[in-house]
Every structure is written in structure tokens, then in C-alpha cells.
Amino acid sequence: MEGATGEPQVTTLLDNRVLSRLERLRIHSIRRFTDKKRGEHLAGRSGSSNEFSDYRDYVPGDDVRFVDWNIFARLNRPYLKLYYQEEEMHVALLVDASASMTFEGKLERAKQLAAAFSVMGLLGTERVSAAVFNSAGHHPATLGPCTGRASLLKFFTFLEAVQGGGDAPLEEGIEAFLKYRVGRGIAILLSDFLTFGDMKRGFNRLFSSGFETFGIQILGRAELDPEVAGDVRFVDSETEKTLDVSPGELLGIYREYREAFQRNLAQLCRQRSGRFVSICSEDSLQWVLFDLLRRRGWIR
Amino acid sequence: MDSMRLFGFYAPSMAWLALLIVPLVLFYFLKLKRPRAMIPSLVLWQQVINDQRVNSPFQRFKRNLLLLLQLILLGAVIAAATQPFWRGRVSRISRLPILIDCSASMAALDKPGGVSRLDAAKQKVREIIGGLLSDQEVCLISFDRTARKWTDFTGNRKILLEALAQIAVQDVPSDVEDALRMTEALARSYPFGEVLLFSDGNFPTQADFELSFSLNYQKLPPAGPNVGITSLNANRTPDGMWDVFARFEGSPDAETAATVEVTRDEAPAGKENVRLAKGQSERMVFRISGDRASSVEVKLFPDGFDSLGSDNRALIELPALRSLWVFAAPSLVSYRHALSALPAIRLFPDEQGKCGESSFDLVITDRAEDLALEGRISLYVGLVPKPLSHLLTVGKEGTAVVDWRRDSPILQHIEMKDMVILDNPRSGENVREGDYESLGYEVLVHGGNGPLLLEKRSGEKLAYSMLFHSDRSTFPYRIGFPILISNLVRLAMQQTGLAEVRANPTGVLPPIGVRSENSLCRVEGPDGYTREEKSDGNRKLSGIPAPHVGHYSIFEQGTKVAEVGASLLSARETGLLSIEQIQFNEGLSVTAASGGPKMDRSLWALLAMIGFCVLLVEWLYYHRSPGWFAGAGN
């Protein structure tokens with residue numbers, strides 16, 4: 001594989017320069033949903049890392065190794081020095097690859113973002129897994145959980161092989177994924193969220209399973225600002241249902257509904273300690289990663 | 001009025017195209033196949049379609065907007081094919097006389113190089129003729145000082161257009177009454193309800209006419225500024241010269257300077273500059289020698305635009321000045337004595353008693369044998385005219401003056417009260433004043449028992465009969481006597497043109513004397529005008545029309561015997577006055593309408609435009625490529 005400059009590329013999804021920048025970035029979790037396993041993420045509770053957390057009075061039975069003797073020398077009272085517990089975090093990449101994602105390069109952008117998050121997760125010593133939803137009723141294609149730099153190529157190969165199509169509703173895909181979940185952490189949802197189902201249930205399920213939800217909605221330009229010229233019959237790419245549409249005031253109403261739909265999704269995420277962002281498939285990948293998501297504090 | 005006749009169709013047979021509506025509707029529903037467009041998801045669209053706003057009645061109506069637009073388009077095409085028209089007011093009239101003013105002011109232009117009022121009127125009449133329907137007839141009548149019917153009622157466009165082309169401006173004032181009277185006479189043969197009048201409104205406000213039909217007075221647009229000569233006359237001066245007076249006036253908006261040139265027998269006789277202010281007139285005097293008869297022409301050259309040219313030229317024929325030839329019977333010593341004191345008089349018989357002439361300017365006699373003498377003015381003293389011999393007798397018991405016509409030219413400034421008269425003219429029993437008038441005599445002085453002074457006009461001659469002899473009265477001793485003589489001389493001077501001359505206006509030339517009776521004469525005038533007239537028993541040519549400004553030459557047996565000029569000389573025509581309302585008898589009035597008669601208005605162009613707009617709207621909404629999902633993935 002070669003990039004635009006002729007140099008060999010690690011993956012078709014990400015340019016090498018993007019890849020090198022991603023290696024220095026980490027996914028920033030707010031809620032710190034972590035597993036018990038040791039890792040690099042500081043857990044909310046005290047532990048044995050080198051990261052100082054707090055002092056507390058010594059009580060009989062405490063390990064005297066953790067007594068701060070300097071303070072004892074000054075105050076003649078024993079205080080226990082507490083440290084953070086560093087635990088492992090599970091990063092779940094949930095990619096919607098149904099037919100609706102095949103329009104206007106949405107699936108490509110979803111795969112690129114998934115690859116980027118996998119790089120940041122694996123190099124951050126997180127446990128990273130991926131699940132791709134295609135057809136309803138079928139188990140989603142999954143990978144992982146994996147850790148370490150050695151798993152990068154495995155992820156790239158997996159994501160490169162993802163094909164669009166199918167009619168899997170996103171909420172059903174989430175349900176199917178959670179049946180085989182391993183650990184707590186972050187669930188990164190890469191989808192257009194255009195489903196007739198109830199996304200509230202999907203978000204609830206993720207939250208109750210210990211996932212902080214990162215929702216990234218990818219829409220095409222025609223979905224953001226559609227143009228309808230003359231009478232036309234719309235066909236749903238997933239359900240094959242049809243709808244007759246005539247021009248007029250529809251476009252204004254459509255925009256109202258689309259904005260309300262996005263506000264609703266963002267609210268559902270926020271109410272469950274999650275985050276939500278909507279991008280256009282035409283937006284630059286570098287702008288999304290290194291500008292939009294960094295400014296919003298999703299990655300550091 | 002039948003409302004169904006408001007609209008008409010030139011090609012109603014094309015209405016069969018309405019049958020195309022059936023296949024149009026049929027094909028619309030058969031071919032109503034919307035283009036399919038694959039989209040990612042109907043999630044949002046489904047919600048949008050379910051919105052109440054989308055399902056409003058108007059939006060439902062819009063679903064079939066394409067069919068509606070196509071029906072409108074087809075309807076417009078069908079309607080245009082039937083060539084509909086809106087019937088104007090004129091079109092709803094089956095028989096229409098059209099009066100066209102062709103007086104001098106109708107030649108006025110609206111701007112330099114523009115169109116004349118008559119041309120503008122003819123254009124409107126052409127439009128009417130062009131829009132005539134098969135059941136409509138038009139009669140063309142032009143009028144200036146007289147009216148002329150050019151065609152009978154006809155719908156033949158060729159005849160009407162040829163007649164219209166022949167109507168030309170006449171340099172005479174207009175008389176709308178004559179045209180209306182002719183139209184009224186026409187109505188007796190061909191009934192009609194409305195008459196169309198095209199004019200610039202240059203005629204008197206009050207018309208002495210009882211309007212028996214509806215008059216549609218179409219006033220033409222106003223012309224540009226104009227100045228011209230409105231009066232030209234000459235007075236004799238005591239030193240044997242003519243003072244030629246010319247008056248210049250303009251239209252209300254005319255304010256210009258001009259040069260006035262005077263020529264005598266085509267030789268320059270004077271040149272002056274004149275400046276005319278708005279609403280003002282200027283008067284100029286030129287002195288011309290009276291040593292010979294001469295033709296004087298006054299020309300006006302305005303500096304700026306002048307809309308009317310015919311009034312910039314005026315002609316006057318000045319006779320050679322001479323003494324007034326007066327015959328006074330030797331027995332009338334008092335008369336001869338009074339006449340000898342007046343200037344420019346040649347008295348007959350002379351001091352030697354010679355009288356070599358038989359024709360005089362003024363004859364005063366008390367002798368019956370002098371009745372054969374010819375005089376333009378005659379005063380018979382103490383002689384009863386033969387036609388009146390059975391109406392009155394002259395007694396000797398005396399009488400007195402009861403009343404007299406103070407406005408008579410001969411009696412001006414004369415006091416006749418308390419005059420003693422020894423003769424007594426007495427009317428017979430049951431003889432009234434009307435009996436004298438029936439014989440052509442007008443009573444100027446009434447006595448106690450009958451008339452004392454009578455006047456009779458015979459052509460150009462004027463005869464006064466004093467039924468009492470002045471020598472048997474105190475009249476010669478009164479102050480009024482020399483005044484009477486002076487009045488007679490002045491009157492004779494005027495009648496013979498030796499004291500005052502006025503330029504002849506266009507219209508009809510004054511009687512012109514020729515050499516022989518019943519002689520066929522040819523009259524040649526300006527603009528190729530020729531005419532043949534026969535002289536009457538008095539060797540006069542009368543009633544010669546003079547429609548244009550210029551010289552008119554009279555030829556008798558190939559020899560030029562006279563030349564007279566005719567000029568417009570009308571303050572109304574020069575002023576281009578334009579009235580808005582004509583007042584008729586019995587309080588009727590007609591107001592001008594300047595918008596032109598309501599003609600047929602073809603609607604096909606409007607319908608075609610509507611069809612084009614509909615087509616454009618349809619293209620904008622439905623024929624743009626719906627390929628906005630071209631980037632859909634596989």
C-alpha cells in the first residue's frame with residue numbers, strides 16, 4: 001500500500017502522518033468506567049499506583065508501609081498516604097455498516113474514525129474491541145478485545161474488510177453486542193443513527209452495562225441539506241419502503257426535524273453521562289480528529 | 001346591452017381543440033410515474049410527511065399542481081387559437097358616423113418633424129376601420145367651415161381607407177355645427193345611436209344645435225406652440241398712403257421672437273422684429289404708397305418651433321388711391337356746399353356743369369331723371385321709389401320725426417328731434433312696416449304718419465330714399481346735416497375700398513368683377529387649386545371657395561382679369577384653443593375623451609404570454625434534474 005506521496009502505508013484507512021499523530025493522543029474518559037484489571041487509567045478508588053490521591057487517619061489494621069513518616073515526625077500522629085488505583089478501560093468500537101451507511105462515504109468515514117480510536121486505545125494500553133452491525137438478526141462481526149501495539153494490524157485488517165449493506169437497526173446491534181461484552185469503559189458508536197427503533201433503549205443498555213457512550217453521527221450532505229426537484233418517490237435503502245415526496249415547504253420542515261432529531265440524540269447521550277457529536281461525511285478526517293474532538297475534550 | 005357581445009372570437013371553430021383536455025388528463029394519470037430516488041433512510045422524511053403542515057389543503061392541492069399547470073397551459077393555447085378579442089365600445093355599434101375635423105388647426109404638429117393632428121386622427125380612424133366586423137358600417141364625414149360626406153355607410157375597408165386618405169387640411173376655421181347638422185340629416189335615412197367626433201377642440205364652446213344622438217367627442221392630443229398673423233387691414237391716410245396694420249398672436253404656451261417681412265408686389269417693403277409673450281398679441285403698422293394698386297404680403301418667420309405654418313402668411317390687395325366720385329344734383333345746393341368742404345372728393349357735375357361719367361361712388365339727387373345713374377351709395381331726396389308708390393303718398397301738411405335708427409351708419413351722431421318738415425309722407429291704410437320690409441326697404445326714420453327715410457341694399461349697392469325734400473325742412477340748417485353728408489362720404493369710401501381695406505379670409509372669396517356676363521372663368525389657386533365658375537348677370541363671380549392661403553387668379557377667356565389673396569386670419573385657429581366640453585342647446589353638454597375610442601382588443605397575445613409563463617413555472621418546478629442523489633453508494 002502506498003500513500004499519495006508514494007511512501008508505504010500501514011493501512012488504507014489512515015495516512016501514516018495521521019497515524020503518527022494519533023499515537024500521541026489518548027481517549028479521554030469522564031466517568032472513568034474501568035475494569036478491575038490493572039491498567040493505565042486511574043480508577044476512582046485508592047490503589048497502589050504512584051499517583052498521590054489523599055491522606056487519611058491511620059486506623060489499626062492498616063498497612064504501616066503506607067504511613068507517611070515525615071508527617072508523623074512533624075505532628076507525632078500517623079497518617080496514611082493514599083494512591084490512585086490504575087485500572088484498565090474497555091474501549092468498544094461499534095460501527096454501523098447497514099445499507100444507509102453506504103451513502104456519500106459515511107461508512108468509509110466511520111471505518112477511518114474506528115481505526116483512529118483503535119490506535120489511540122491500543123497505544124493507551126486499553127482493551128479495545130470492535131463490532132460491526134450489518135443485517136438484522138445476525139450476530140455482529142466482532143474483534144477483540146485486544147491490547148497492545150501488536151493488535152493494531154489486526155484491527156486495521158478487520159476494519160478494512162468491513163462491507164456495507166444490510167438492514168440492522170442500531171439498537172438491535174447494541175443489544176447483540178452487549179450479550180458478549182467484556183468489561184466496562186467507553187462505547188464509541190459510529191452511525192448515522194437513522195433508525196426507526198428507539199435509541200433510548202440502546203443508550204440505556206450501554207449505560208447500565210458500564211459504558212460511557214461516545215455517539216458520533218455521520219451524515220451525508222444530502223441528508224443535511226436535501227434538494228427535492230419535482231415529484232419524486234423516495235426508496236429506503238434498508239427497508240425498500242417508498243415515500244412520495246413533492247417539493248414545497250418540505251425542505252424547511254425536514255431541517256427542523258433533522259435538527260430536533262440531533263438534539264434528541266445529544267440529550268439522550270448527555271443524560272447517560274455520554275457525549276454526542278454530528279459530523280458530515282465530507283468533513284476532513286484530520287479536522288474531525290485533531291480539531292473537533294480535541295476541542296470537545298474527547299481525546300487528549 | 002347584451003353582455004354576451006362583450007367578447008368575440010375571430011376563429012371560434014378552433015374551439016374543437018378543447019377536446020385535447022381528455023387525452024391530456026388521461027396521459028397525465030397514465031404517465032404519473034414519479035422518478036425513484038434511493039435514499040439512506042426514510043426516518044426523517046416519514047416524520048416530515050406526517051407533519052400537519054404538509055397535509056394542509058394547500059399542500060394537497062400542490063400535489064396535482066402539474067396537472068393544473070398543464071390544463072392552464074392547454075387552456076391558454078386553445079383560447080389563443082380561437083383568437084378572442086374584447087369588444088370595444090366602438091365594436092358594439094353597428095352603424096357609426098365618424099366626423100373628422102380638418103380645419104386649419106388640425107395641421108398643427110406636436111413637435112418638430114412630428115405628426116399633425118389630422119394624421120393622428122386618421123390613424124385612429126384607420127384602427128377603427130381595420131377592426132370593423134362584418135355587421136358594422138362606417139360613414140366618413142370631414143368638416144372645416146363646411147361639412148363634407150366622403151362615403152355612405154359602408155363596411156368596405158378599401159373604400160373607407162381611400163376616402164380617409166383623401167381628407168386633407170383646409171386652411172379655414174372649423175364649424176362643428178354644420179357637421180352635426182349634416183349628421184342629423186343623415187340619421188333620417190340611416191338611423192344610428194352614436195357619432196364619433198375627432199377634433200382638436202378648436203371651435204366655439206357653445207353650439208347652436210339640438211343634439212339628438214350620442215356624441216363621442218374624441219379630443220386629440222395638444223399641438224406644440226404656435227404664432228401667426230390674426231388680422232391684416234389697411235387704412236387710408238390723409239396724405240394718400242396706406243397704413244397696413246398686422247396683428248400677431250400665439251397659442252397660450254407660445255413665447256418666441258419672430259421676423260416680419262412685408263413685400264409689395266413681391267418687392268421688399270419692410271422688415272421688423274417682433275417678440276411675443278405668452279398670452280399677448282403684437283400689432284405692427286407698415287406704410288405703403290397708394291399711387292397704384294398693389295398686392296401686399298406679410299410673412300412671419302418665428303425663431304423657434306412653430307406648429308402651424310398656414311397662419312404665418314397673410315395677403316391684402318390694396319387699390320390705387322383716388323378721389324371719391326360724387327354726383328350731387330345742381331339743385332341740391334346745400335349738399336354740394338357741404339361736399340365741397342370735404343377732402344378727396346371729386347364732385348359732379350363740375351363747375352362748368354359737365355358730367356362725363358355715368359357711374360359714381362356716391363349719387364345724391366332729387367331729380368327723377370338721375371335715377372338711371374349708377375352709384376355704390378345713392379341718396380334720393382324727396383323721391384318716392386316706384387315700388388312704394390302704392391304704399392304711401394306725400395302730403396303737404398307737414399310732419400315730425402318720431403324715432404330713428406341711431407345705429408345706422410348714415411345716422412350716426414345725428415339728432416333729428418324737433419326737426420320741422422313741411423312734407424308729410426303718409427302710409428296708406430293698413431300699411432305696416434312689414435310691407436316695406438317685404439319689398440326690401442328698411443325704415444330708418446319714422447315720421448308721424450309714415451316712414452321718412454328708407455334703406456335698400458341691392459347687391460353691393462346701397463340706396464337711401466329720403467321721402468321728404470330736405471329743402472322743405474329745417475334739416476339743412478341743423479348740425480346734423482353736414483354730419484349726414486360726412487357719413488355718406490365715409491360709407492361710400494368704405495364701400496368702394498378707398499378708405500379701408502381688409503384682407504380676405506380663407507373660406508369663400510368676395511365677389512369678383514369680370515368683363516362680361518355669364519362668362520365661364522377659370523380660377524387658379526395655391527397647391528394646384530383650379531376651378532371653373534360662371535359670372536352672373538352683374539358680371540360678378542361669387543361664392544368661389546378658397547380653402548388654402550395664397551393668391552387666387554381669375555382667368556376669363558385665357559386672360560387674367562383679377563387676382564385676390566386669401567389668408568387664414570383666425571385668432572381661434574392660430575391660438576390652437578382647445579375646448580374640453582361642448583355646450584349644446586337645452587343644457588346638454590359633451591365632454592372630451594382623450595384616451596381614444598375603445599377599440600377591439602385582441603387577447604391572444606395576452607393568453608400566449610400566460611401560457612408561456614405557465615410553461616416557465618412548470619419547467620422550473622418539474623423539469624430540473626432530480627439527480628441530487630447521484631452520489632449514492634452501492
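Visitor: Which elements of chain A do the buried residues of α5(A) pack against?
Guide: The buried residues of α5(A) pack against β3 (90-96), β4 (127-133), β6 (185-191) and α6 (199-208) of chain A; helices (H or I, at least four residues) and strands (E, at least two) are DSSP runs, numbered from the N terminus. This is a predicted model, in which local features need pLDDT of at least 70 and side-chain atom pairs count only at pLDDT 80 or more, while totals for chains, interfaces and linings use all residues. Residues are numbered from 1 along each chain as its sequence is written, chains are lettered from A and ligands numbered from 1, in the order in which they are written.

Visitor: Which residues of α5(A) are the buried ones, and how do you know that they line one face of the helix?
Guide: In helix α5 (residues 170-179) of chain A they are L170(A), E171(A), G173(A), I174(A) and F177(A). Seen down the axis of α5(A), these buried residues fall within an arc of 155°, so they line one face of the helix; the arc is that of the directions from the helix axis to the C-beta atoms.

Visitor: What makes E104(A) count as buried?
Guide: A residue is buried if 20 or more other C-beta atoms, placed from the backbone, lie within 10 Å of its own, exposed if 12 or fewer, and partly exposed in between. E104(A) has 24 C-beta neighbours inside 10 Å and therefore counts as buried. E104(A) sits in the loop between β3 and α3 of chain A, and its phi is near 60°, a positive value in a residue other than glycine. Most residues other than glycine have a negative phi, and most peptide bonds are trans.

Visitor: What makes K200(A) count as partly exposed, and H390(B) as exposed?
Guide: K200(A), found in helix α6 of chain A, has 14 C-beta neighbours inside 10 Å and so counts as partly exposed. H390(B), with 10 C-beta neighbours inside 10 Å, counts as exposed; its place is in the loop between β19 (374-381) and β20 (392-395) of chain B.

Visitor: How do you know that the buried residues of α9(A) are on the same side of the helix?
Guide: The buried residues of helix α9 (residues 285-295) of chain A are V288(A), L289(A) and L293(A). They cover an arc of only 90° around the axis, which puts them on the same side of α9(A), whereas W287(A), D291(A) and R295(A), on the other side, are exposed. The buried residues of α9(A) pack against α3 and β10 (275-280) of chain A.

Visitor: Why are α3(A) and α4(A) called roughly antiparallel?
Guide: Helix α3 (residues 106-123) and helix α4 (residues 152-160) of chain A pack at an angle of about 165°, with their axes 10 Å apart. The axes are lines fitted to C-alpha atoms, for helices over the stretch in contact, and angles run from 0 to 180 degrees between N-to-C directions. Angles under 35 degrees count as roughly parallel, over 145 as roughly antiparallel, 65 to 115 as roughly perpendicular and the rest as oblique, so α3(A) is roughly antiparallel to α4(A).

Visitor: Which residues make that contact, and how do they divide by type?
Guide: K111(A), A114(A), A115(A), S118(A), V119(A) and L122(A) of α3(A) meet L152(A), F155(A), F156(A) and L159(A) of α4(A); two residues are in contact if their C-beta atoms, placed from the backbone, lie within 7 Å. They divide into eight nonpolar, one polar and one charged, where Ala, Val, Leu, Ile, Met, Phe, Trp, Tyr, Cys and Pro count as nonpolar, Asp, Glu, Lys and Arg as charged, and the others, Gly among them, as polar.

Visitor: What makes α5(B) and α6(B) roughly antiparallel?
Guide: Helix α5 (residues 117-130) and helix α6 (residues 157-166) of chain B pack at an angle of about 175°, with their axes 10 Å apart, and are therefore roughly antiparallel to each other. K122(B), V125(B), R126(B) and I129(B) of α5(B) make the contact with R157(B), L160(B), L161(B) and L164(B) of α6(B), and these residues divide into five nonpolar, no polar and three charged.

Visitor: What is the omega of the cis peptide bond that joins F348(B) and P349(B)?
Guide: Omega of that bond is about -15°, and P349(B) lies in the loop between β17 (345-348) and β18 (359-365) of chain B.
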